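Please look at the sequence and the structure together while I speak.

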Amino acid sequence: MADPAHIADIPLFDWLSLERAPRVGPLTMARLLDAFETPGAALEAGPEEIVRRAGLGEKHARAIASFSPPKEAILRDMETLEGLGVRVISRWHSDYPANLKDIYDPPALLFVRGSIQPEDARAVAVVGTREPTRYGLEVTEQITRDLARAGVTTVSGLARGIDTACHKATLKERGRTLGILGCGIDVVYPRENKSLMAEMAESGAVITEFRPGIEPLGTNFYRRNRVVSGLAKGVLVVEASLKSGSLITAGHSADQNRDVLAIPGSIMNRRSQGPHHLLKQGACLVESADDVLRALFSQEATPYQQSLPELHEDREELSETAREVLQAIDPDPVSIDTLCEALKMKPGSLAGLLLELELSGLIRQYPGKMFGRVFR
């Protein structure tokens with residue numbers, strides 16, 4: 001392998017050329033770089049030399065040796081990367097993420113919009129369903145918020161649902177968050193996260209191993225998921241079905257000798273089946289950010305300690321009737337009709353008390369005239 005001091009001098013064109021060569025994935029590129037020291041030397045080698053020095057099969061070697069890099073396409077990619085302010089980091093650069101370098105098949109190239117900082121090694125991946133419940137969203141926001149306050153970087157896949165909630169909650173606390181794409185860095189997916197991606201580039205990074213223009217094909221997300229887990233010390237699964245990308249990410253985490261953590265949910269909710277399966281397999285049960293900090297960073301002095309989530313306490317200024325209404329409302333939303341029946345009150349009288357509690361920040365109204373207690 002070339003002297004790391006000279007890696008930065010290798011032209012980007014050469015890296016992007018070797019990346020496009022047929023049947024050259026992360027492991028093959030590593031073998032070629034170990035044998036020839038630079039991408040340019042590997043592409044200039046003949047098939048016999050590739051077989052002899054890199055140990056590849058004859059057909060594989062001939063395919064690489066006969067490859068002619070598409071110059072115009074690569075130059076367009078370079079222009080796109082420059083326009084977005086994207087840096088390309090090879091596995092052999094000194095600032096390649098240490099956590100990711102430790103896995104079996106780390107990406108040969110990372111396209112990074114934003115920056116990866118040394119403190120990002122203290123990271124937790126938070127993943128879950130694209131169709132979360134209110135409980136899933138609130139738990140994700142609460143735990144992610146507290147992790148950000150503790151100086152922990154969050155990692156997720158920029159998908160709808162739990163992933164997006166994780167990134168947004170981290171940014172709200174001015175923490176660092178890394179979003180991993182299953183497509184090219186210039187492809188916005190999902191489209192509604194365009195502004196989120198731009199914000200993340202300022203307070204973290206959007207990262208992919210796919211060159212510009214690659215669409216979000218289903219086969220890409222398996223590779224994406226190993227990067228999500230590889231960048232973190234452990235993976236926290238919030239809500240997920242048994243057959244979901246989140247459990248694939250958890251599987252990658254276990255294979256990479258990372259910890260797997262899970263948040264329990266209702267046995268009546270199919271989205272709890274994934275976390276419950278992981279808990280049966282020995283995953284760490286998480287009820288708060290403090291559980292995550294203890295599990296993953298037990299040998300460090302954790303700057304933040306978070307107890308179990310608590311409900312807002314009754315306030316002295318509330319009337320006795322308002323306190324009675326508050327006590328009848330659980331965190332899980334309940335309809336006004338149900339409350340009327342339980343409290344033996346008329347809708348008109350109850351509506352005024354509910355408004356009082358909502359304005360006091362003690363309850364929250366949800367669609368369909370549903371009301372739920374608020375956590376602190």
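I shall discuss the aromatic rings and then a glycine.

This is a predicted model, in which local features need pLDDT of at least 70, side-chain atom pairs count only at pLDDT 80 or more, and totals for chains, interfaces and linings use all residues. Residues are numbered from 1 along each chain as its sequence is written, and side-chain values use heavy atoms, with hydrogens and water left out.

A pair of aromatic rings is described by the distance of the centres and the angle of the planes. Rings of Phe, Tyr and Trp (its six-membered ring) pair if their centres lie within 6.5 Å; planes under 30 degrees apart count as stacked, over 60 as edge-to-face and the rest as tilted. By this rule there are two aromatic pairs.

In the stacked pair, Trp-15 and Trp-92 lie 5.8 Å centre to centre, with 10° between the planes. Both Trp-15 and Trp-92 are buried; buried means under 20% relative accessible area, exposed over 50%, and partly exposed in between (1.4 Å probe, protein chains only).

Tyr-189 and Phe-221 form a tilted pair, at 6.1 Å centre to centre and 50° between the planes. How exposed is Tyr-189? Tyr-189 is partly exposed, because its relative accessible area is 32%, whereas Phe-221 counts as buried at 14%.

Turning to the glycine, Gly-274 is buried, with a relative accessible area of 0%. Gly-274 touches Ala-240, Ser-241, Leu-242 and Leu-247, not counting residues up to four places away in sequence; contact means heavy atoms within 4.5 Å.
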